Amino acid sequence: MAERSLDALIDALRRLPGVGVKSAQRMAFHLLQHDREGAQRLAQALQAATLAVQHCERCHTFTEARICGTCSDAQRDARQLLVVETPADQAALERTGSYRGLYFVLMGRLSPLDGIGLADIGVHPLLARASDGLVHEVILATGFSAEGEATAHVLAQALRSLPGADGAPLVVTRLARGVPVGSELEYVDLSTLAHALSDRR
Ligand code: ZN
């Protein structure tokens, strides 16, 4: 019985990205041997977060409210919409302190090999969000991996046909190069990211 619980724990830990059998075993042994209190906290935090956290109706980022704090902040510039792959990328751009507009979080990127297509990354909600009549510019800030570039390309084509604020076509821009090829935004240093934002084209 004890072993069955242990196997179930190791199996559960293996669901985490990048965690194989050996790491999962190490984590399980560590928690049971040295940190049972931490294990209880982890279990409770997982339980609470999976029940409470949902997606913002406007930008799709994680939030416990219907509309997230950023989307409901009247100080943010509603004329700019920055499209990122993940909440981690959004957090990285927020840390630069140089962006005051709003966001749309794709929660992924196009990846035909993994069967992730346009519908999976929320392209229809994005198109609806971008044509709310207030957005003037959409800044594509998907990563500089091959898949991130492909995602930006496809989204740019779809977005350019939409009307923006005052009926003028949407202005669609892309983060400037300078960010190393192949990189995920969340790992790029802040000043590089701030420059990529200000030099967008
Ligand atoms: Zn939001």
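Four donors count as tetrahedral if all angles lie between 85 and 135 degrees, and donors are N, O and S atoms within 2.8 Å of the metal (3.2 Å for Na, K and Ca). The model here is predicted, so local features need pLDDT of at least 70 and side-chain atom pairs pLDDT 80 or more, while totals for chains, interfaces and linings use all residues. Residues are numbered from 1 along each chain as its sequence is written, and side-chain values use heavy atoms, with hydrogens and water left out.

**Exercise 1. Find the residues that hold the zinc ion, and work out the geometry.**

Step 1: Look for the donors. They are the SG atoms of Cys-56, Cys-59, Cys-68 and Cys-71, sitting at 2.3 to 2.4 Å.

Step 2: Check the spacing along the chain. The donor residues follow the pattern C-x2-C-x8-C-x2-C.

Step 3: Turn to the angles. The 4 donor atoms subtend 104 to 117° around the zinc ion, so the arrangement is tetrahedral.

Step 4: Cys-56 and Cys-59 are both buried (under 20% relative accessible area; exposed is over 50%, partly exposed in between, with a 1.4 Å probe and protein chains only).

**Exercise 2. Describe His-60 and Thr-63.**

Step 1: His-60 is in the loop between β1 (54-55) and β2, and Thr-63 belongs to strand β2 (residues 62-63). Strands (E, at least two residues) and helices (H or I, at least four) are DSSP runs, numbered from the N terminus.

Step 2: Check the backbone of His-60. Its phi is positive, about 75°, even though His-60 isn't a glycine.

Step 3: His-60 has 22% relative accessibility, so it counts as partly exposed; Thr-63, at 10%, counts as buried.

**Exercise 3. Characterise the largest pocket.**

Step 1: Get the idea. Rolling a probe the size of a water molecule over the atoms shows where empty space is left. On a 1 Å grid over the protein atoms alone, a pocket is an open set of points where a 1.4 Å probe fits, with protein on both sides within 12 Å along at least five of seven lines; lining residues have an atom within 4 Å of a point.

Step 2: Read off the volume, about 400 Å³.

Step 3: List the lining. There are 13 residues, with Leu-9, Leu-31, Ala-39, Leu-42 and Ala-43 nearest the centre. Two or more residues come from each of α1 (2-13), α2 (21-34) and α3 (36-52), and α3 gives the most, with 6.

Terms used: Points joined across faces, edges and corners; volume = space filled by probe spheres on them. Tetrahedral: all angles 85-135°; square planar, octahedral: opposite > 155°, others 65-115°.
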